[in-house]
Amino acid sequence: MLMLKKNHINRGLAIGILLMSAPLFAQPFCSLRDPVSIIDKMVPQSDSFRSSVVNINNKMRNELIAETGITMHRQELGYHTLYHVHDTGESETIIHVRPEATRWGITEIAWSISSDGQIIGYEFQRCRARSCDDLNSASLFANVPVLDGASLAKLLGDDHKHLSPQGLEQLTFPAGSDALVVSVIRSGIKAAALIKHTNS
C-alpha cells in the first residue's frame with residue numbers, strides 16, 4: 001500500500017515538473033545566447049534593439065521552400081527570435097539565428113540583414129566543423145559584389161547541395177571546407193527569405 005502511494009506521488013511530481021517547465025519548452029528554439037555582445041560585434045554602431053518572435057508554421061515553411069527551393073529541417077520550424085537593431089542614423093538591421101542541419105549536427109548561424117534585404121554578415125553561434133573558426137563572412141564573401149538571397153542562390157548549383165561555377169570562382173574559403181560553405185549559403189538564403197517574408 002505504501003509503495004503504491006509512493007509511485008503515485010513520484011508520478012505526480014514528475015507530471016508537475018513537466019507542467020511547470022512547459023513555458024521553457026515554448027521558448028524560441030533559436031535565439032542569441034548573448035544578445036548584447038553579439039549585437040555589439042555584428043552592429044557596432046547600434047544604440048538600441050528590440051526583439052520579436054516569428055512562428056514558422058507548416059504554411060510558412062511551404063512558402064519558404066517554394067521561394068528558395070531549399071528543404072527545411074524540422075528544427076527550423078516553430079518559434080524564432082528576430083532582433084531589430086537600431087543605430088543613431090535610425091537605420092535598422094535585423095539579426096536572426098538560423099539552425100542548419102549539417103554533417104556535424106545542427107549548426108546555428110546568426111545573420112545580420114538590413115531592412116531592405118541586404119545581407120551584412122554572419123557569425124557562427126554553434127558549429128562543430130573544424131573550419132568554423134577559419135570561415136568568416138568578410139573573407140568568404142569578399143569578392144561577391146551584392147549580397148542578398150538571389151545572389152547567394154547563384155553561388156549554389158541547381159541541387160542546392162554543391163557550389164556552382166560562379167560560387168567556386170567568387171568565394172574565398174579554406175581547402176576542404178566546401179560542405180560547410182554550402183551549409184552557410186543555404187542558411188543565408190533561408191534567413192534572407194524569412195526576413196523578406198516577415199517584412200512584406
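**Reading the model together**

Tutor: Asn55 has a relative accessible area of 32%, so Asn55 counts as partly exposed. Keep in mind that this is a predicted model.

Student: Where does Asn55 sit, and what does Asn55 touch beyond its neighbours within four places in sequence?

Tutor: Asn55 lies in strand E1. Setting aside those sequence neighbours, Asn55 is in contact with Met60, Gly78 and Tyr79. Residues that stand apart along the chain can also be compared by their C-alpha atoms: those of Asn55 and His80 are 6.4 Å apart, although 25 residues separate the two along the chain.

Student: What holds strands of a sheet together?

Tutor: The general idea is that strands pair through backbone hydrogen bonds, in either a parallel or an antiparallel way. Here, five strands make an open sheet, in the order E1-E2-E3-E4-E5, with antiparallel pairing.

Student: Which strands stand at the edges?

Tutor: Strand E1 (46-56) and strand E5 (119-126) do. Each has a single partner strand, so one side of each is left without a neighbour in the sheet. From one strand to the next, the twist averages 25 degrees.

Student: How many bridges are there between E1 and E2?

Tutor: Ten bridges link E1 with strand E2 (residues 78-87), and the two pair in the antiparallel sense. To follow the pairing on screen, find Ser48 and look across to His86 in E2, which stands opposite.

Student: Which helix packs on the sheet?

Tutor: That is helix H7 (residues 178-199), which touches E1, E2, strand E3 (92-102), strand E4 (105-114) and E5. The direction of H7 makes about 135 degrees with that of E3.

Student: How many residues lie between the strands in the hairpin of E3 and E4?

Tutor: Two residues lie between E3 and E4 in their hairpin. These strands run antiparallel and are joined by ten bridges, and Arg98 stands opposite Ile109 in E4.

Student: Is E4 mostly covered or mostly uncovered?

Tutor: E4 is mostly covered, with nine of its ten residues buried. On to the next pair: E4 and E5 run antiparallel and share six bridges, with Ile113 opposite Ile119 in E5. Their hairpin has four residues between the strands, and there Gly117 takes a positive phi near 95 degrees.

Student: Now for two helices: at what angle do H3 and H7 pack?

Tutor: Helix H3 (residues 58-68) packs with H7 at an angle of about 120 degrees, and their axes are 10 Å apart. That angle makes H3 oblique to H7. The crossing of the two is right-handed.

Student: Which residues make the contact between H3 and H7?

Tutor: From H3 come Met60, Glu63, Leu64, Glu67 and Thr68, while H7 brings Ile189, Ala193, Leu194, Lys196 and His197. The residues of this contact divide into five nonpolar, two polar and three charged. You have already met Met60, as one of the residues in contact with Asn55.

Student: Let me try one more residue. Is His160 buried or exposed?

Tutor: Buried counts as under 20% relative accessible area. His160 is at 17% relative accessibility, so His160 counts as buried.

Student: Where is His160, and which residues does His160 touch?

Tutor: His160 is in the loop between helix H5 (149-153) and helix H6 (165-170). Not counting residues up to four places away in sequence, His160 touches Thr68, Gly69, Ile70, Val182 and Arg186. Thr68 also takes part in the contact of H3 with H7.

Terms used
Residues numbered from 1 in each chain as written. Predicted model: local features only at pLDDT ≥ 70, side-chain atom pairs only at ≥ 80, totals over all residues. Heavy atoms only, no water. Pairing = 2+ DSSP bridges. Axes fitted to C-alpha atoms, helices over the stretch in contact; angles between N-to-C directions. Contact = heavy atoms within 4.5 Å. Buried < 20%, exposed > 50% of the residue type's maximum accessible area, 1.4 Å probe, protein only. Parallel < 35°, antiparallel > 145°, perpendicular 65-115°, else oblique. Left-handed = near helix turned anticlockwise from the far one by under 90°. Nonpolar A, V, L, I, M, F, W, Y, C, P; charged D, E, K, R; others polar.
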